[in-house]
Amino acid sequence: MQSTTAIVSTLALLVGSAAALAQAPVGPAELPKTAEKATEKPVEKNSDKADATPQPIRIVADAETTKEDSVTINGKLVPYRVHVGTQPVWDAENKPIASVFYTYYERTDVTDPARRPLLISFNGGPGSASVWMHLAYTGPRMLRIDDEGFPIQPYGIVENPHSILDVADIVFVDPVNTGFSRILEKADRSNFFGVDQDINYLSQWIRGFVTRKGRWLSPKYLIGESYGTTRVAGLAARLQDTQWMYLNGVILVSPTSLGIAREGPVGKALTLPYFAATAWYHKALAPDLLAKDLDVLLPEVEAFTIDSLIPALARGGSLEPKRRDELIAAYARFAGLDPSVVREYNGAVPAGFFWKELLRKQGLTIGRLDSRYRGIDRQDSGTSPEFDAAMAAWNHAFAPAVNHYLREVLGYRTDLDYAIFGQVGPWPFDGDRTGEALRQAMGANPFLHVMVQSGYYDGATDYFSAKYTMWNMDPAGRFQERMTWKGYRSGHMMYLRKVDLATASADIRAFIARSTPKEGESARR
């Protein structure tokens, strides 16, 4: 079913020597309309003429390989072209300072590109490559896993019948020092790493990419996962303010706090609904609570958290003993813990301890990123697990899949390591106001919509904290009709569970349809 015609386009920015850097750069004001088609002649390894001296790995700052293919989505064949390559980051003097790797999918039977949405995708970390959503959520190919998201062998790639390529073109971006993206020569690391620095250079890179691909007229969307939500929330505002690029939507998958304050009693209390969901999944609750579906149980726990737990924790040591006992008993009942443990933590159990404690008597721990996963520590004692059982399971499948897919299936040739987790430190997190930036962007852009997707069993960016972020990002309630929250019975990467992959993908399709204006519709308030 594959058509394997490959076109390799390599521009003039081969980094690896001073001579290469001395060549005139292709600056932002001088972007090529089309890349020159070229094919590099491979070195014959067994030839007497081959240089036997090992050479430094070359970083190709500006190159692209394309391939035609197709995928069946919801029973219909979707033809597409995939572009795999790099595009530079330029400094103020139009000199390349970094190479950013991307994988761009465009449907090839589209008659009007101006009406075709473009989705720009980032993962988090902040040092994570785009592999997760690329090969498990929205892309046309996905890694082989079972129906609950657990790895299986042999590793490999299959078609993704729930890819959203039927309704939108997608570019997966690896920020600097992740994936195949790299800093060039001796460029200053402080240009890239940090909340504001990350947003600044990526906004310029996106403008360059949209210009090169001729997508200025298309409806545009950003999707980010985990720290990627901090990234895209900030980018929505920065693209508007500095690149004059207005978006139709931002999708926040397992969002961070986005700089919305939640210290003290609020922060301590917000995890209880996640505790309850996880305890329900592991059948660690009382029979009457297990008899309830999550859709019934969780609203009850959420109401207790907002109406009783937060006010009680705010009273601290002044809370009367009888009320304290009632609070601890209710907390323990919802969390599946012994009341004595809850009392030891003054009615607010840390998440790390919960992951160790919930199944301690069974000799098991539970995962942080997805608490359906179970781990085994050296000993049952302790206040936190030795490792994240979810991440350990995921690494089984993703690393083989992405290396095989990019190098063998798509034919991208490089000796660089594909950095699933790259070196991006130090990363200053201070001054994160991305939630407020997103609110301001919505205020200035009536077309801008936001959707949040959360997994009930996510212990890293728990679902109720995501709700709290939405409520308090818009304290006046002026944008609630343009904000949507969706919950799934999975974890941080809810799409790893087959049922939730289908539902979450359908939710993205509905969101794009809802936020793409009809032809001629104005932005008048």
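Because the model is predicted, local features need pLDDT of at least 70 and side-chain atom pairs count only at pLDDT 80 or more, while totals for chains, interfaces and linings use all residues.

**The whole chain**

Start with the protein chain coloured by secondary structure, which comes to 15 helices and 17 strands; these are DSSP runs numbered from the N terminus, helices being H or I with at least four residues and strands E with at least two. Of the 525 residues, 56% are buried, where buried means under 20% relative accessible area, exposed over 50% and partly exposed in between, with a 1.4 Å probe and protein chains only. Among contacts (heavy atoms within 4.5 Å) with a separation of 6 or more, 72% join residues 24 or more positions apart.

**The cores**

Next select Phe192, Ile206, Val250, Leu272, Phe275, Phe354 and Leu438, the residues with the most contacts inside the largest nonpolar core, which has 99 residues. A nonpolar core is a set of buried Ala, Val, Leu, Ile, Met, Phe, Trp, Tyr and Cys residues joined through side-chain atoms within 4.5 Å. Helix H8, residues 294-315, gives the most to this core, with nine residues. A second, separate core has 60 residues, including Ile170, Tyr405, Met451 and Phe511.

Centre on Phe354 and, leaving aside neighbours within four places in sequence, display its contacts: Tyr274, Phe275, Thr278, Ala335, Leu337, Val349 and Ile366.

**Helix H6**

Tyr274, Phe275 and Thr278 are among the buried residues of H6, so the next selection is this helix, residues 272-281, which is largely enclosed by the rest of the structure because nine of its ten residues are buried. After H6 comes Lys283, whose phi is positive, near 55°.

Two packed helices are described by the angle between their axes and the distance between the axes. Here axes are lines fitted to C-alpha atoms, for helices over the stretch in contact, and angles run from 0 to 180 degrees between N-to-C directions.

Show H4 (residues 227-243) with H13 (residues 434-444), whose axes are 8 Å apart and pack at an angle of about 40°. That makes H4 oblique to H13, given that angles under 35 degrees count as roughly parallel, over 145 as roughly antiparallel, 65 to 115 as roughly perpendicular and the rest as oblique. The contact is made by Thr230, Ala233, Gly234, Ala236, Ala237 and Gln240 of H4 and by Thr434, Ala437, Leu438, Ala441 and Ala444 of H13.

Select Glu300, Val301, Phe304, Ser308, Leu309 and Ala312 of H8 together with Arg323, Leu327, Ala330, Tyr331 and Phe334 of H9 to see the residues that make the contact.

**Ser465**

Finish in helix H14, residues 463-473, where Ser465 lies. Ser465 is buried, with a relative accessible area of 13%, and touches Arg262 and Leu270, not counting residues up to four places away in sequence. Leu270 is 195 residues from Ser465 along the chain, yet their C-alpha atoms are separated by 5.8 Å.

How values were computed
Residues numbered from 1 in each chain as written. Heavy atoms only, no water.
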